[in-house]
Amino acid sequence: ASRLPQRLPRCAGDSSGNTIGKYWALRALAAFSGARVLILRACPAPFNEMDFPENWLPEVVPPGAPERMQSPSRQHFRALCTKMQHPSRARMLDGGLWMQRDWWYPFLPQLAHELRAAVSAYAAQAAPRLQLDDAVVYVRLGDALTDRSADKFGIFTFAALEQLIPPDVRSIGVITQHNPHAACDATRPCVVGSHCRSRCDCASSWAVLLLRASLAIMRPAAAVTVRHSEPVMASWARLALAPAVTICPPSTFCLWPTLAAARGFTPAGFFAAAHHAARVLPNFSVPATDGFVSFRQLMSHGPSVVG
């Protein structure tokens with residue numbers, strides 16, 4: 001415990017999904033060791049605003065007896081502690097340490113409990129402007145259309161979505177950070193295989209609008225709405241608090257609220273602890289592998305494999 005840091009910088013110039021991984025990594029290690037945790041918030045606006053998840057989670061966690069959890073191996077413990085003790089390595093302490101390891105899964109019930117409490121508090125403050133949907137589907141092509149891990153990133157098939165979304169839902173939200181109605185330059189090449197977020201605005205728009213149209217056909221009694229360009233915490237509240245189902249493709253952004261959802265699904269490929277999570281979290285499940293199309297499959301068979 002003495003080797004763990006007492007403070008963890010809030011800002012590391014990373015995305016919300018990866019930044020929150022730093023918080024949970026420190027919390028899990030503290031739970032394993034009985035260490036005290038103090039989160040240091042030293043970031044310029046807008047990072048200190050209440051639209052970010054970190055500002056709704058416990059800032060100080062008092063020391064206590066080590067939790068009765070399966071503790072990480074000595075090798076993992078030493079590697080993580082070393083990274084945390086060097087601010088210059090803060091960028092290394094990202095969501096990848098969670099995605100690629102499973103030793104921390106006994107902490108998941110506490111994570112889900114605290115995160116659900118946080119988004120519930122935010123939703124209560126944001127009401128009534130935050131109208132929740134019965135079912136939500138997250139979309140981010142910047143993660144899906146990348147070859148950085150060709151077998152682990154990708155998208156769900158329409159058949160899988162039809163199986164996962166209950167037939168009696170009254171509303172479906174498509175959660176995305178991309179505005180599908182914004183002007184885009186169709187002449188710019190969409191270089192699939194790199195991180196396409198900055199170059200594939202038109203492709204992302206078409207994909208989001210196609211998904212909305214497909215869901216409307218799939219569930220004609222449900223109102224299908226694209227929820228875009230919202231604060232991070234609003235998107236997380238929608239993902240965690242949807243009463244029917246939350247569907248999260250491979251992405252660190254939607255993973256955390258999906259773990260706290262009433263009924264959450266995410267594929268196992270990019271998330272090493274997925275099957276452990278399904279055992280310790282009664283509301284979390286890993287969908288069948290035939291309902292997920294990887295980047296490699298998309299490149300091999302083309303878009304027809306999705307439908």
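**Core and ring pairs**

Mentor: Phe 271 has 1% relative accessibility, so Phe 271 counts as buried. Keep in mind that this is a predicted model.

Trainee: Which residues have the most contacts inside the largest nonpolar core?

Mentor: Trp 24, Leu 259 and Phe 271, in a core of 51 residues.

Trainee: Which elements give two or more residues to this core?

Mentor: Helices H1 (16-33), H4 (108-126), H8 (232-241), H9 (252-259) and H10 (274-280), plus strand E4 (135-138). H4 provides the largest share, nine residues.

Trainee: What does the second core include?

Mentor: Phe 156, Leu 164, Ile 172 and Phe 265 are among its 22 residues, and this core is separate.

Trainee: Switching to rings. How many aromatic pairs does a search of the whole structure find?

Mentor: Four. In one of them, Trp 236 and Phe 253 have ring centres 6.1 Å apart and planes at 80°.

Trainee: Why is that pair edge-to-face?

Mentor: Because the planes are at 80°, and over 60 degrees counts as edge-to-face. Trp 236 is in helix H8 and Phe 253 in helix H9, 17 residues apart, so the pair links distant parts of the chain.

Trainee: Is Trp 236 buried or exposed?

Mentor: Buried, at 0% relative accessibility. Phe 253 is buried too, at 7%.

Trainee: And which ring does Phe 271 pair with?

Mentor: Phe 284, also edge-to-face, at 6.2 Å centre to centre with 80° between the planes. Phe 271 sits in the loop between strand E9 (264-265) and H10, and Phe 284 in strand E10 (residues 284-285), so the pair ties together parts 13 residues apart in sequence. Phe 284 is buried, with a relative accessible area of 2%.

Trainee: Which residues do ring pairs link into a cluster?

Mentor: Tyr 138, Trp 236 and Phe 253.

Key. Residues are numbered from 1 along each chain as its sequence is written. This is a predicted model: local features need pLDDT of at least 70, side-chain atom pairs count only at pLDDT 80 or more; totals for chains, interfaces and linings use all residues. Side-chain values use heavy atoms; hydrogens and water are left out. A nonpolar core is a set of buried Ala, Val, Leu, Ile, Met, Phe, Trp, Tyr and Cys residues joined through side-chain atoms within 4.5 Å. Buried means under 20% relative accessible area, exposed over 50%, partly exposed in between (1.4 Å probe, protein chains only). Helices (H or I, at least four residues) and strands (E, at least two) are DSSP runs, numbered from the N terminus. Rings of Phe, Tyr and Trp (its six-membered ring) pair if their centres lie within 6.5 Å; planes under 30 degrees apart count as stacked, over 60 as edge-to-face and the rest as tilted.
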